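Hello,

Here is the structure I promised to pass on. Have a look at it first, and then read on for my notes.

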Amino acid sequence: MTRSLGGAELATSIRDDASVAAAALTDLGIRPRLAVVLATDDESTAWYVRSIAAAAKRTGILCDIVDLGASATTGQLHGTLVELGHDPDVHGIILQTPLPDGTDLDALREAINPAKDVDGANPVSLGRLVARLPAFAPATAQAVIALLDHHGISPHGRTAAVVGRSTVVGSPVAHMLVQRNATVTVCHRHTTDLAAGTRDADILVVAVGIPGLIIADHVADGAVVIDVGTTATADGRLLGDVDAAAVDGRADALTPVPGGVGPVTTALLIAHTVDAAATQHAQTRTDSVLAGFRSGV
Ligand code: ADP
């Protein structure tokens with residue numbers, strides 16, 4: 001039997017800690033506020049955004065869903081992100097993908113104020129992460145590592161395979177695993193023999209978005225498998241990238257979908273927002289002290 005590596009318990013503990021900090025900030029007159037910008041009718045996205053809003057509510061932080069509609073332009077999205085970046089009452093910003101065809105995602109990511117980039121989407125955040133400098137890591141990538149930690153699975157000295165190389169999940173996860181001293185293979189859509197890349201890995205992380213892509217042939221006996229995939233079906237179910245029935249008994253452990261990486265990701269987004277609110281508050285106080293100091297010189 002393959003163990004199920006659930007994320008609910010970890011998500012609750014992250015939210016509980018965030019909730020205590022959020023209440024303390026609220027007492028100081030700072031109510032942490034997250035803005036989620038979206039421009040799609042995609043059902044998986046709607047599901048995910050609802051889960052973020054629910055987690056925010058449970059933690060006592062504010063969450064604005066800024067829905068610009070499926071025909072939003074780069075200019076509109078850019079203007080909104082810049083405005084939110086300047087708004088002192090907004091502490092965290094998430095730009096939700098997918099975006100309408102033809103929008104310039106790279107330019108939009110760069111428009112997210114790095115101090116509020118709670119999902120590590122700005123290339124500045126990613127660069128700092130790779131350079132091992134303090135930054136908000138993409139929440140999904142961090143959730144993968146947090147789940148391993150929580151379940152006592154150390155990547156140190158182990159082999160890991162990451163399927164998917166997106167800048168929001170696959171690439172940062174691969175870097176974070178290397179930083180945890182794993183030896184990492186990255187597979188992607190041009191990998192000709194996927195099983196050859198994955199079947200010797202002690203830890204297999206799959207972030208592709210193709211339900212059931214991973215079957216027993218891809219998995220080493222006793223591997224730990226982290227399924228990041230979340231594809232929503234028309235009848236409201238959520239499917240992972242791993243065929244759980246096919247790998248049952250072969251993998252030592254597998255994260256469920258839903259209920260694995262997802263809840264930890266949303267909890268981390270909330271925790272990052274509280275963190276960002278605290279940092280911005282401290283910065284504002286420092287700025288005001290410095291302003292007073294300079295005017296006295
Ligand atoms: P996400 O944001 O969930 O990471 P993306 O759509 O941005 O998803 O990226 C999907 C990733 O999956 C890409 O890096 C792509 O190369 C990888 N991928 C797509 N199809 C396959 C496949 N058949 N085998 C391996 N990797 C794949």
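This is a predicted model: local features need pLDDT of at least 70, side-chain atom pairs count only at pLDDT 80 or more; totals for chains, interfaces and linings use all residues.

You will find Thr-103 in the loop between strand 4 (92-95) and helix 4 (105-110). A polar atom of its side chain lies 2.6 Å from the backbone oxygen of Pro-100. Beyond its neighbours up to four places away in sequence, Thr-103 touches Ala-72, Thr-73, Thr-74, Leu-77 and Leu-108.

That loop also holds Pro-98, and the peptide bond leading from Thr-97 to Pro-98 is cis, with omega near 0°. A cis bond also joins Val-257 and Pro-258, where omega is about -5°. Pro-258 sits in the loop between strand 11 (253-254) and helix 10 (261-296).

UniProt, in an unreviewed entry, places the feature "domain: Tetrahydrofolate dehydrogenase/cyclohydrolase catalytic" at residues 6-119. In the model, that span is 49% helix and 14% strand, and its end C-alpha atoms lie 22 Å apart.

Now to the ligand. Which residues surround the ligand? They are Val-163, Gly-164, Arg-165, Ser-166, Val-168, Val-169, His-188, Arg-189, Ala-207, Val-208 and Ile-210. By class, this shell has six nonpolar, three polar and two charged residues. A polar side-chain atom of Ser-166 is 2.5 Å from an oxygen atom of the ligand. From the backbone, a polar atom of Arg-189 lies 2.9 Å from a ligand oxygen, and a polar atom of His-188 lies 3.4 Å from a ligand nitrogen. On its own the ligand exposes 570 Å², and the protein buries 70% of that.

The unreviewed UniProt entry also carries a "binding site" annotation, which covers Gly-164, Arg-165, Ser-166 and Thr-230. Ser-166 lies in the loop between strand 5 (159-163) and helix 7 (170-179), and its relative accessibility of 30% makes it partly exposed. Apart from neighbours within four places in sequence, Ser-166 is in contact with Ser-171 and Pro-172. Thr-230 belongs to the loop between strand 8 (224-227) and strand 9 (231-232). With a relative accessible area of 44%, Thr-230 is partly exposed. Leaving aside neighbours within four places in sequence, Thr-230 is in contact with Ser-44, Leu-238, Leu-239 and Val-257.

Is Ala-223 buried or exposed? Ala-223 is buried, because its relative accessible area is 1%. Ala-223 and Arg-250 are 27 residues apart in sequence, while their C-alpha atoms are 7.6 Å apart in space.

Finally, a note on backbone angles. Most residues other than glycine have a negative phi. Arg-132, however, has a positive phi near 60°; this residue is exposed, with a relative accessible area of 56%. Asn-181 likewise has a positive phi, of about 70°, and lies in the loop between helix 7 and strand 6 (183-187).

Enjoy exploring the model, and do write back with any questions.

Best wishes

How values were computed:
Residues are numbered from 1 along each chain as its sequence is written. Side-chain values use heavy atoms; hydrogens and water are left out. UniProt positions are given in the numbering used here, feature names are shortened, and annotations may be inferred rather than shown by experiment. Helices (H or I, at least four residues) and strands (E, at least two) are DSSP runs, numbered from the N terminus. Buried means under 20% relative accessible area, exposed over 50%, partly exposed in between (1.4 Å probe, protein chains only). Contact means heavy atoms within 4.5 Å. A residue is near a molecule or strand if one of its heavy atoms lies within 4 Å of it. A polar contact is a pair of N or O atoms within 3.5 Å; within protein, one must be able to donate a hydrogen and the other to accept it, and residues adjacent in sequence count only if both atoms are side-chain atoms. Accessible areas come from the Shrake-Rupley method with a 1.4 Å probe; for residues, only the protein chains shown count as cover. Ala, Val, Leu, Ile, Met, Phe, Trp, Tyr, Cys and Pro count as nonpolar, Asp, Glu, Lys and Arg as charged, and the others, Gly among them, as polar.
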